[in-house]
Amino acid sequence: MFAGTHRRIVSIWFPRLASDRVLRARPVEGPFALFQRIGSSETIYCLNGAAERAGLHRGMRMADARSFCPSLISQPARPDQDARFLRLLRRWAERYCPWVGLEGADGLVLDITGSVHLFGGEAAMLADMQARLARAGVTAQLGLAASRGAAWAVAHFGGSEETLLSLPVAALRLPADTVVALQRLGLRKIGDLAANPRAPLARRFGQDLLTRLDQCLGHAPEPVTPEAEPPQFATRMTLPEPIGLQADVQAALERLLAPLCQKLATQEMGARRLCLTLRQVDQASQQVELRLAAPMREPARILPLFARGLEDVDAGFGIDQMRLEAVQVEKLAPPQSNALQCAAPGHAPPEQLADLITRIGTWIGLENVLRFLPAESHIPERAFLLAPAAFSAPQGGFTTPRPRPLRLFPPEPIAAQGTEPPRSFRWRGMRLNLGRATGPERIAPEWWIEDENWRRGLRDYWRVETREGRRLWMFYTPQDPGWFVQGEFA
């Protein structure tokens, strides 16, 4: 049945890759599920064994899942982190053989031909894989066969290489509609499909069906292509004599930055996080980390930003080795010509703004340098969002039907009666007298959001100019009569 009797392929399937990734870091007792939003509904993306035993399954609406299992613990899915975790598992699997590739979004495929004897045979190798993954908290199902398709079928549907013909046709990695059509014709197992004439099958289902069948039975080649290792952006310098002055460290750092930035430019990447490791003559080491507000690869811009971190370096008996690594990188397009790189009138160029955010971030942290972003809400305090400037792009769209105050603060009650702004009132210890009032502007609460501050219901806002020069934003609540000051105009 199998053409290549000496070729041995292992398929590793991680049926709970996403949930295992999360639970390894934070174990949870009981049912657990990750969900993702599709359109306007949330559905289960991945779940653990306890949730499956409770009757939940993938694709189930979260509203139904919570009604079936009130004790369900859930959190949003992160497919990007799952893909990163799978790549880490791929690197781990290279301990068994050099030919390791990805098998979809939740599996690996290994060509162990020629490396089995290093682990004491096939059974010992599979047992070692299973044991190590179990200790790491990762659920895995393994399949071993002479072809990639057969190994995938055994890993996903159980059995062995000898019982391959008794597996369902879904084990051939066919589309769901093709599997249903074959089952309606009575072709439920791989053996049923292999015993039928090929020409009628090709006319009805296309050549892809026969290709999958041949790949599974070993009659058609299907190579294992290992994933290329990502480039490493790092440079190192060993010094002939130890150095200790900050100026000398900065000069050596400048020499390290040039080749590192050249590597980044070759790959059209920019550094977002740099790590400088300083090794002392007594083998102790220190690290200086620099987080950038935007991807960069210009040595002249990056070097001054290290000044704050280098001030805290203790050289000890001297530094004899330095290593600079771009720990986090992002895609960065080639720079535009000077004619197209002009900033808008009255605005700093984007590079200068990113450098300023980085400098401030080295003192207070990049997460604490915030910018305002527009939000879709007619409620004044919800019409904007605060986001870290280093991890968000500036946006326009701050449009309001009527003027809004420059300063907005939580509502402060004042003593007043009636539905019109009071002619005299006391606010923050000041006696103010009404000069002119414009309004009202009625704003209704968003009933679909629970907000303690809007329990009084409707608000009638007024722009009030006092004779003392204060320009306030005040509102009156008709349902629960009261006056409040919430903002101040310039």
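Mentor: Gladly! Buried means under 20% relative accessible area, exposed over 50%, and partly exposed in between, with a 1.4 Å probe and protein chains only. This is a predicted model, where local features need pLDDT of at least 70 and side-chain atom pairs count only at pLDDT 80 or more, while totals for chains, interfaces and linings use all residues. Residues are numbered from 1 along each chain as its sequence is written, and side-chain values use heavy atoms, without hydrogens and water.

Trainee: What makes H6 a helix?

Mentor: Helices are DSSP runs of H or I with at least four residues, strands are runs of E with at least two, and both are numbered from the N terminus. H6 covers residues 148–157, 10 residues.

Trainee: Why is helix H6 called largely enclosed by the rest of the structure?

Mentor: Nine of its 10 residues are buried, so the rest of the structure largely encloses H6. Among the buried ones are Arg148, Trp152 and His156.

Trainee: What do the buried residues of H6 pack against?

Mentor: Contact means heavy atoms within 4.5 Å. The partners are strands E1 (9–13), E5 (100–102), E6 (107–111) and E7 (141–145), plus helix H10 (207–217).

Trainee: What comes just after H6?

Mentor: Glycine 158, with a positive phi of about 80°.

Trainee: How many helices and strands does the protein chain have?

Mentor: There are 14 helices and 19 strands. Of the chain's 490 residues, 41% count as buried.
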